[in-house]
Every structure is written in C-alpha cells, then in structure tokens.
Amino acid sequence: MTFGLGRTRAVALSGLDGTLVDVEAHVAAGLPGFTVGGLPDTACAQAPDRVRAAAATAGFPVPPHRVTVNLSPASVPKRGSGFDLGIAVAVLAASGVLPRGAVEPVVHLGELSLDGRLRGVRGVLPALLEAARRGARHVVVPVENVAEAQLVDRLVVHGARTLEEVVRWYREPAPGGLPVAERATGTDDEPDRRPDLADVVGQPEARVALELAATGGHHLLMTGPPGVGKTMLAERLVTVLPRLGREEALEVHAVRSLVAPVGEVARLDRTPPFVAPHHSTSTAALAGGGSGVVLPGAVSRAHHGVLFLDEAPEFKSSVLQTLRQPLESGEVVIARAKALVRYPARFLLVLAANPCPCGMAFGKGTECRCSAHDLRAYTTKLSGPLLDRVDLRVHVPPVRPAAFGDETGEPSAVVAARVLAARGAQAERWRGAGWSVNGLAPGHVLRRPPYRLAPSVTAVIDRALDTGGLSLRGYDRVLRVAWSAADLAGRTTPGREEVALGLQLRRAEGTAA
Ligand SMILES: [Zn+2]
C-alpha cells in the first residue's frame with residue numbers, strides 16, 4: 001500500500017446554508033491514531049470509531065498508522081454524522097485502497113453504522129442544492145436519501161447501501177462509471193385528495209375573507225364560538241393559494257428535510273404548507289431553536305404557506321411575540337455562540353379565537369359566564385403589534401339550519417383561478433417595488449399618488465379617521481384589502497364598494513379597531 005493524501009468532498013450545513021467541504025485525509029508513519037480536525041461537533045468527531053469499524057467490515061481496515069483528517073474551510077462548524085462516508089472514502093484513498101483521482105470530485109454524504117451499512121441523514125436537499133450551485137456533478141448518498149437527492153437538478157445521484165459497495169464501485173469500475181440510482185417514481189407533483197372549499201356549508205363572509213387573504217397575502221383573524229368551522233376554513237386556504245413554483249417548492253422541502261424523518265422528502269409537493277401548532281407550543285418550537293443543532297420552527301415550516309394558530313389568545317404572550325420578527329422581515333434569525341442561523345419564514349398568518357374564554361359571548365341568549373375582566377384580558381392578548389399586521393378580521397357565526405338547503409359552495413379550483421388572476425394584476429402593479437402582493441404594501445404608498453384614491457371613494461373611511469372611529473393603521477388595512485378586492489373584481493382601481501368591503505372585513509366582534 002502506498003500511503004499519502006486522499007481527498008474528497010462533503011457539505012456542511014448551518015441552517016439551510018450549505019458550504020462545500022474538502023475532506024482531506026493524511027496517512028503517515030507513526031503511532032496509530034485517527035483524528036478529525038476542522039471544527040467538528042461531538043457526533044462528527046466520533047466519526048473515526050464508526051469509520052474504523054465499517055472499513056474493517058468492508059475488508060479494508062484503516063491502516064494502523066497516524067491518520068489525520070481535516071475538514072475545510074475550518075471556520076465552518078461541521079455538525080452530525082453525515083461526514084462519515086466522506087471521511088471513510090478520503091482515508092481509503094489516502095491508504096491507496098481507492099483511486100485518488102476518481103473519488104476527489106465526488107460529494108459523499110451519509111452516516112456509517114459499525115457494521116458498514118450506510119444510514120440516511122437529514123438535510124440532504126439543502127446540502128446538495130449548494131453542492132450543485134458550486135458545480136458538483138456526482139454525489140453518493142445512502143439509498144434512503146436517493147429520492148430526495150434526485151430533486152436537485154444537474155446532479156448524478158448514486159445510492160449506496162454499504163461502504164463495501166462504494167469501495168467495490170471505485171475499485172472495479174464499470175465501463176460507465178459508478179452505477180446511477182434509478183429515478184424514484186413519483187418525484188413529480190401528485191395531487192392528493194385534498195380538502196375543498198366546496199365542503200364548507202354557508203359562511204359567506206368568511207369565504208370572502210379567505211379569498212381576499214389568498215389574493216393579497218393578508219393575514220386573517222376569525223372569531224367565533226367553538227365548532228363553527230374556523231379550522232376547516234383555515235385548512236382550505238392552502239387550496240386556493242397559487243401552487244408553489246419549483247424554486248419555492250424546493251425552499252419548502254429544504255426546510256422539511258431538516259425536520260422530517262429521513263426518507264420522507266421524496267417528491268416535490270406543490271401545495272403550500274399548512275402548519276398548525278398547538279397553543280401549548282414553546283417559543284423554540286414556533287420560531288426555531290433547540291439545543292445543539294438549531295432546527296427550524298413552525299414559522300419556517302409554514303414558509304410560502306399558512307401558519308394557523310387556533311385559540312390564539314391561549315398561546316403564551318412571549319410565544320406570540322416571536323411572530324413579530326418573521327412578520328416584519330420574512331425570516332427568523334437565531335443567535336448562537338458560533339453563528340447566526342437564518343431560516344426563511346414568509347407565511348400567511350391565520351388566527352382563530354373564541355369570542356371569550358368560555359366561547360359563548362355574543363351568542364343568542366348569551367349563556368356567557370365570563371366577567372368583563374376575563375373578556376378584556378382575553379382580547380388584549382391579541383391586540384397591539386401582532387394584530388396591527390392582520391388586515392382581515394371576520395366573525396364566523398354558527399351556521400343556521402337554513403344554510404343546509406343551499407347548494408354546495410364554490411369549489412376551491414374556481415376560487416383559486418380568480419386568486420391566480422388577481423395575483424397577476426398585483427405582480428404587474430408592484431413590479432420592482434420589493435413586494436408582490438397588496439398585503440405587503442406599506443400604507444404611505446397607498447395614501448400617495450399614484451395610488452391615492454379619489455376623495456369620493458374614501459369618504460367613508462376619511463370620516464371614520466376624522467372621528468376617531470378608525471386608526472391610521474386601520475385606515476391603511478382597509479386600503480390594502482380594497483386593492484385586493486378590486487384585483488379580484490378585475491378593476492384597475494378600488495371603488496366605493498371595495499372600500500366598504502375592506503371596512504366591513506376588519507370588524508370582528510371582541511377585537512379592538
Ligand atoms: Zn364567555
């Protein structure tokens with residue numbers, strides 16, 4: 001055997017940001033030893049134990065000499081066991097077992113078990129998106145990760161079961177090179193049986209609000225007694241939102257890749273995500289965090305989709321506060337000792353609340369047992385900066401038996417077509433503005449030319465502003481919604497009717513104006 005230097009590639013992840021890593025192994029005369037340098041975490045620093053055992057099983061033990069592995073750039077932390085395969089391949093190349101030239105340009109990802117099997121790892125999608133951007137072409141991954149790896153364009157994916165298999169491929173190359181993994185079936189979008197707006201009985205106002213929310217990206221609050229279908233409505237919002245583009249879908253699945261069980265990210269689902277954390281959820285679970293690896297939270301899993309907080313006033317105030325940063329900037333930034341981790345978090349927020357703690361306020365016959373103090377404490381939980389960003393507020397009343405006779409409501413596909421057309425109009429209007437939907441348009445832009453509306457059109461809200469019935473923020477919310485209503489109606493500018501609708505849809509009972 002000829003000892004020396006072996007080199008291959010792997011990818012380090014910080015959040016979703018990948019860095020292509022050079023894995024360099026050096027085998028030299030000296031006391032037996034095996035060390036990994038270049039900022040490995042505990043799991044990564046334990047790679048030598050797994051590599052030693054797996055290599056012995058494969059029939060090519062790590063030589064009893066001084067083995068030094070370096071992962072560079074050294075400034076980037078290397079987390080987890082996904083470097084095992086790259087380290088094993090580099091060491092075997094350094095020991096002369098594997099051809100050095102052949103392994104060098106290939107990206108190797110995967111954990112080794114002591115018996116030499118390759119185990120799937122999380123984060124393969126974001127890692128390989130970066131590898132592809134950096135010009136990598138061939139990747140070897142565990143078979144569980146093959147379908148996920150194949151979501152990345154321009155990569156040739158090789159799926160291996162064991163280290164032995166990888167060693168054999170390189171030592172006895174087939175004429176065409178490493179065997180290419182078969183294309184997993186169903187990597188394209190397969191529409192499932194999804195919930196549909198046609199299932200919703202009655203609720204005309206909530207339907208209008210839902211359509212406007214999808215159109216302009218307006219956040220939405222629904223108040224109403226328990227059992228009237230607020231959750232059902234919220235779940236159907238994703239069925240009228242535009243389907244995700246390929247880039248958007250890749251971002252959504254990159255986040256999923258970090259939290260879903262290995263192997264679950266196997267095809268690009270173009271339906272926007274719907275994420276509904278329970279009101280007992282922690283700050284870390286909502287915004288992201290955790291000890292050790294910083295994982296994305298619900299706000300990031302809802303990226304490009306809907307974040308639904310049912311019984312919103314029951315969430316801890318400190319947890320609700322963490323929504324402010326993503327609502328403002330579309331991302332969360334989590335500070336850690338060695339790095340800032342960023343995750344995208346641009347979502348449509350849907351809040352649902354009972355009208356009071358017992359749920360019965362404003363009902364017929366009012367059996368509400370809550371005191372005025374209870375009621376105030378409940379509603380103020382949702383006031384202030386959070387509610388300022390919610391353009392649409394509707395009351396969802398109990399369905400009257402008369403509504404059962406109505407024919408079913410419009411199906412999602414019909415509503416989605418109108419939403420898509422209205423999105424097109426907004427994209428034209430806001431081209432180059434830095435936002436693409438009315439819900440993100442700053443109020444001052446809408447109050448000034450060329451978007452200022454005629455005084456005759458705004459008379460009703462001008463008066464409300466003068467008399468204190470409407471705050472300036474409330475005024476701006478009405479304008480934003482009016483623009484979306486106009487886009488849905490195919491009008492170039494909102495008229496009196498759209499402004500009146502905007503005003504009507506921001507008055508949920510029990511919430512501050
Ligand atoms: Zn009550």
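1. The secondary structure of the protein amounts to 21 helices and 18 strands, where helices (H or I, at least four residues) and strands (E, at least two) are DSSP runs numbered from the N terminus. The model is a predicted one, in which local features need pLDDT of at least 70 and side-chain atom pairs count only at pLDDT 80 or more, while totals for chains, interfaces and linings use all residues. Residues are numbered from 1 along each chain as its sequence is written, and side-chain values use heavy atoms, with hydrogens and water left out.

2. As to overall dimensions, the C-alpha atoms fill a box of roughly 90 × 45 × 45 Å along the principal axes. Of the 513 residues, 51% are buried, a term that stands for under 20% relative accessible area, with exposed meaning over 50% and partly exposed in between (1.4 Å probe, protein chains only). Among contacts (heavy atoms within 4.5 Å) with a separation of 6 or more, 73% link residues 24 or more positions apart.

3. The protein exposes about 22400 Å², of which carbon and sulfur atoms supply 53%; the areas come from the Shrake-Rupley method with a 1.4 Å probe, and for residues only the protein chains shown count as cover. There are 58 positive and 51 negative side chains, and the centres of the two sets lie 5 Å apart. Lys and Arg count as positive and Asp and Glu as negative, without His and the chain ends, each charge being placed at NZ of Lys, CZ of Arg, CG of Asp or CD of Glu.

4. Strand β3 (residues 33-37) has F34 and V36 on its covered face, whereas G33, T35 and G37 form the uncovered one. Five bridges pair β3 with β4 (residues 66-72) in the parallel sense, pairing being assigned if DSSP finds at least two bridges between two strands, and G33 stands opposite R66 in β4.

5. Some backbone geometry deserves a look, since most residues other than glycine have a negative phi, and most peptide bonds are trans. The peptide bond from S72 to P73 is cis, with omega near 5 degrees, and P73 is in the loop between β4 and α3 (84-94). Another cis bond joins P449 and P450, with omega about 5 degrees; P450 belongs to the loop between α18 (443-447) and α19 (455-466).

6. Although not a glycine, L39 has a positive phi of about 60 degrees; L39 lies in the loop between β3 and α1 (42-45) and is partly exposed at 35% relative accessibility. R154, also not a glycine, has a positive phi of about 65 degrees, and is found in the loop between α6 (146-149) and β9 (156-160), where R154 is exposed with a relative accessible area of 59%.
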